[in-house]
Amino acid sequence: MRLKAAAVEEPLELLKGLVDDMFETMFDEPGIGLAAPQVGVSKRLVVIAPVADDDEGENIGARLVLVNPEITWFSEERVPYEEGCLSVPEITEVVERPRAIQFAYTDLDGVRREHDAAGLLARVVQHELDHLDGVLFVDRLSLIKKQLLRKRLKQLADAARS
Ligand SMILES: [Zn+2]
């Protein structure tokens, strides 16, 4: 899970079973986003639940499947938001990230798309794309917060190695 995931290069039909499993796992937990490395598949693939893509929390989109996603623009303005993660159980912490982004991805039909997002969608996309590079939200905390969490983070690191 700490590795940089590989680009998806196979025919997209082959991903459909994995994508279904990922949605099921995500909705079961429940979570609002899941990256393939979290289920042991080191590929650049992410699923996201329907969430708002604006600051007002009103414009709820559809569920998204992001193949080989990349963030192409980040706002300079950063905002705090409390994050949790299925791979970091029992810890939620406030993380500062850019408020808005633009991102590009290939959908399951093979169409390359671009999307503007603020609000929860911007947050989820940034969190999930971090997973593709082996980065967890706790890596983005301040040194002081990491110190406070050090015991718990060490347990997680030990668990990841075993
Ligand atoms: Zn996560």
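Mentor: Helices (H or I, at least four residues) and strands (E, at least two) are DSSP runs, numbered from the N terminus. This is a predicted model: local features need pLDDT of at least 70, side-chain atom pairs count only at pLDDT 80 or more, and totals for chains, interfaces and linings use all residues. Residues are numbered from 1 along each chain as its sequence is written.

Trainee: In which order do the strands of the open sheet lie?

Mentor: Two strands pair if DSSP finds at least two bridges between them. Here, 5 strands form an open sheet in the order β1-β2-β3-β6-β7, and the pairing is antiparallel. Because β1 (33-35) and β7 (112-117) each have a single partner strand, they stand at the edges, with one side of each left without a neighbour in the sheet. As for β1 and β2 (residues 45-48), 3 bridges join them in antiparallel fashion, and L34 stands opposite V47 in β2.

Trainee: What lies across these strands?

Mentor: For angles, axes are lines fitted to C-alpha atoms, for helices over the stretch in contact, and values run from 0 to 180 degrees between N-to-C directions. Contact between two residues means C-beta atoms, placed from the backbone, within 7 Å. Helix α2 (residues 119-132) lies across β1, β2, β3 (64-74), β6 (101-106) and β7, and runs at about 20° to β1.

Trainee: Which residues touch the most other members of the largest nonpolar core?

Mentor: A nonpolar core is a set of buried Ala, Val, Leu, Ile, Met, Phe, Trp, Tyr and Cys residues joined through C-beta atoms within 7 Å. Buried means 20 or more other C-beta atoms within 10 Å of a residue's own, exposed 12 or fewer, and partly exposed in between, with C-beta atoms placed from the backbone. I48 and V125 touch the most other members of this 29-residue core. Its largest share, 7 residues, comes from α2. Apart from it lies another core of 5 residues, including C85 and F137.

Trainee: Where do N68 and E90 lie?

Mentor: N68 lies in strand β3, and its phi is near 45°, a positive value in a residue other than glycine. N68 is partly exposed, because it has 18 other C-beta atoms within 10 Å. E90 lies in the loop between β4 (78-83) and β5 (93-98), with phi near 75°, also positive in a non-glycine residue. With 8 other C-beta atoms within 10 Å, E90 is exposed.

Trainee: Which residues does the cis peptide bond join?

Mentor: The cis bond joins E29 and P30, with omega about -5°. P30 lies in the loop between α1 and β1.
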